[in-house]
Amino acid sequence: MISFGPTDEQEVIREAMHEFAEQVLRAAARDADETSEVPEDVLQQAWDLGLTSTQLPDGLGGGGEDRSPVTNAMLLEELAFGDPALAIAATAPSLFAFAVADHGTEEQKKRLLPAFCGTKFHAATVALIEPSPTFDPLNLQTVAEPKDGGFVLSGRKRFVVLGDRAEHFLVVARNGNSAESGAAAIDAFIVPRDAAGLTISPVEKNLGMKALPTVSLELERVEVAAEDRLGGDAGIDALRLLASTRTANAALLLGLSRAVMEYCIPYAKDRTAFGEAIAQKQAIAFTLSDMKVETDSMRWLVWKAASQLEQGADATQAAVFASSYAAREAMKIADNGVQVLGGHGFIREHPVELWYRAARTLSVLEGIAAV
Amino acid sequence: MIDFTLSENDKKLLDYVRTESLVARKYAREYDENEEGFPPDALPEADQYPGVWSLMGGRGAEDTGASAIGMMVTMAETWGDYSIRMRKGRGVGLGNAALSAAGTDEQKEKFGGLLLSMAITEPGCGSDPSLVQTTAVLDEETDEWVINGEKIFVTTGCRCDGVVLWATLDKSAGRAGIKSFLVEKETPGFIVAHKEKKLGIRADDTAAYVFQDCRIPRGNLLGGKEEIPKQGSGGFRGVMKTFNMTRPMTAAFGLGMSQAALDFTREQLEEAGVDLSYGAGTHGLSAAAAKFQELEALQEAAVLTVLRAAWLSDQGQPNNLEASISKAKGGSAVRTITQGCIELLGPMAISREHLLEKWFRDVRITDIYEGTGQIQHLIIARTILDYGRAELN
């Protein structure tokens, strides 16, 4: 049955997240960007909301709620409305933990998940993106060659979120042992921070989302045991993992777009030129109405992909639609946001230039940055 | 709960409509080329098909709501052809919707059995109906309204039995002076001037009317309220409300056709060996595949705005804003999609041997009738800015 109706519980979560995003994330965003530092207390406050633990099994200390990609998409939209960089930093541990919860063996869940159910922010992350202009998630250059029952990982990763502090990395690589190609050959490996052969770069300097610490990884014959292959012998459902990250990325872009729109509306009503508010001129009014049309469109695409993930269906197509559409439209919206503010859109006193940089950054990641 | 799956009943219904639509499509080219002719009220094959309404009964709680599934049925119908459907009979017109929304019981009784078109647009007035020049003057001696004026772009205007027409009682009263009148065909002074010649939807019956001292009974004023409201335009607003379902529906008309264009384009590209599978990164896609996926995503986005507007209506919630969003989005999406499909297929696409060039022409009306894209943006902008007509015009 086609339904656009969130559950009562989801409405409550959206409201709570919106409040947190507005009061905590938005308030911290500018300073965090200027100093290129993610404020620890903000991460801890986000952790206290149970972003990660709520949907982990209660037997392992989690909240025992069903894993809900739809709820998570709503949550990411609201958090990104506050600030996309801080939203990703706050949810990076979920990236790792949810991948383990969804694809891991019982042993892996027992070993790794309790750390995400504690009271202290626990940093862990996924390493997927590679430093090549022809990066293709279905054709990875990082390879896992089998050796003595385990694997040897070689390759390079970049844009690894929270990599400066993560205790574990989930390194996504092509299984050199696989006769298959594409998604079927993709596996993920749990690599501890102190693994021999792993070099972690200093924090990368990026165009946007400067508050978000990202690093590059150099894997030089990093040896992992068989039980560190996520999902054990069965491996992972890589298409599902990619669909999840794409959907999540689209949700972040949606939240960012809404932030721009909701900032521009009062600005355009307040700013006057030639005797009336600039919002009273169709050139500006229609730019704003277009933002409304496109943020709505993005949201339904995100919800559709998330709902297919939730129901266990193949969400590949819906996730590609959501992420590619959101990437295009969010960039346009952020671009127009700068234009609506004119000179003020270029000044760092207003957040719009920050969103403009963030949109360009986030929209090239095509769903790689968050779960 | 957020859900985008279709129930078994939903699927059965849509499968049925698509089967029917393919039969209707066989006639698409013939009536496009023969613009003077009219497709029959019922196709020769009609007896072999029970009709979509026979499947609409017995729907349960697990099935998609009536408005939302109605939009999907509409898309599946125009996917076959916009103008030619597997009608069981003559169907209903936009005037019938106005009659059931605003007519008195007596009027519904008297005119309900007729096929009624709706005449609003005039040679000098389209998006701003307050400029209506057609007049209705009461002749108190005979208790008749005397109608004078011209109407154009009247959908089902040739085949209908009568029309609901907008005329003004008092031009100086602006929008408040506009009333709707029921006029039956064959009334002296009601002249069907011609069938319009159009870019697309050529098989569609679109008429131009002239009214010359056309006299109708006093009781034919729709809703029966003769007085002109002094302040504001309350009555007018009531009329505009009927657009809340017709706007998403109009978008759905166009999106059925753009889906047909996408399906045809996919078939042709795949036959030519272009890989259109999903999931690879930007560099794993050919330029054609990337472009095609962009168009598909646009189609999906527009369809979802239509379903969202309809879903709100099914929930009994206001959907004025969402109706305009779906119309603005749908109207612009179908243009981009059909233009893009032609670009993707190149020279073969412009041949009248295929229907793609027809869909390209047919969808173009989507962003114009039932409120242009610009009018929808005006409504959306006013809503999000909390402006009235005085602030944003």
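Which residue of S1(B) does Phe4(A) stand opposite? Before I answer, a word on the model: it is predicted, so that local features need pLDDT of at least 70 and side-chain atom pairs count only at pLDDT 80 or more, while totals for chains, interfaces and linings use all residues. Residues are numbered from 1 along each chain as its sequence is written, and chains are lettered from A and ligands numbered from 1 in the order in which they are written.

The residue opposite Phe4(A) is Ile2(B), and it belongs to a pairing in which strand S1 (residues 3-4) of chain A and S1(B) run antiparallel, joined by two bridges. Strands here are DSSP runs of E with at least two residues, helices are runs of H or I with at least four, both numbered from the N terminus, and two strands pair if DSSP finds at least two bridges between them.

Turning to the interface as a whole, 37 residues of chain B are in contact with 42 residues of chain A, contact meaning that the C-beta atoms, placed from the backbone, lie within 7 Å. On the chain B side, strand S1 (2-3), helix H9 (287-314), helix H10 (320-345) and helix H12 (373-385) each supply at least two residues, and the largest share, 11 residues, comes from H9(B).

Within chain B, strand S4 (residues 144-155) pairs with strand S8 (residues 206-217) in the antiparallel sense over nine bridges, with Val146(B) opposite Arg215(B). S8(B) also pairs in the antiparallel sense with strand S7 (residues 190-195) of chain B, over five bridges, and there Ala207(B) is the bridge partner of Lys195(B).

How values were computed. Two residues are in contact if their C-beta atoms, placed from the backbone, lie within 7 Å.
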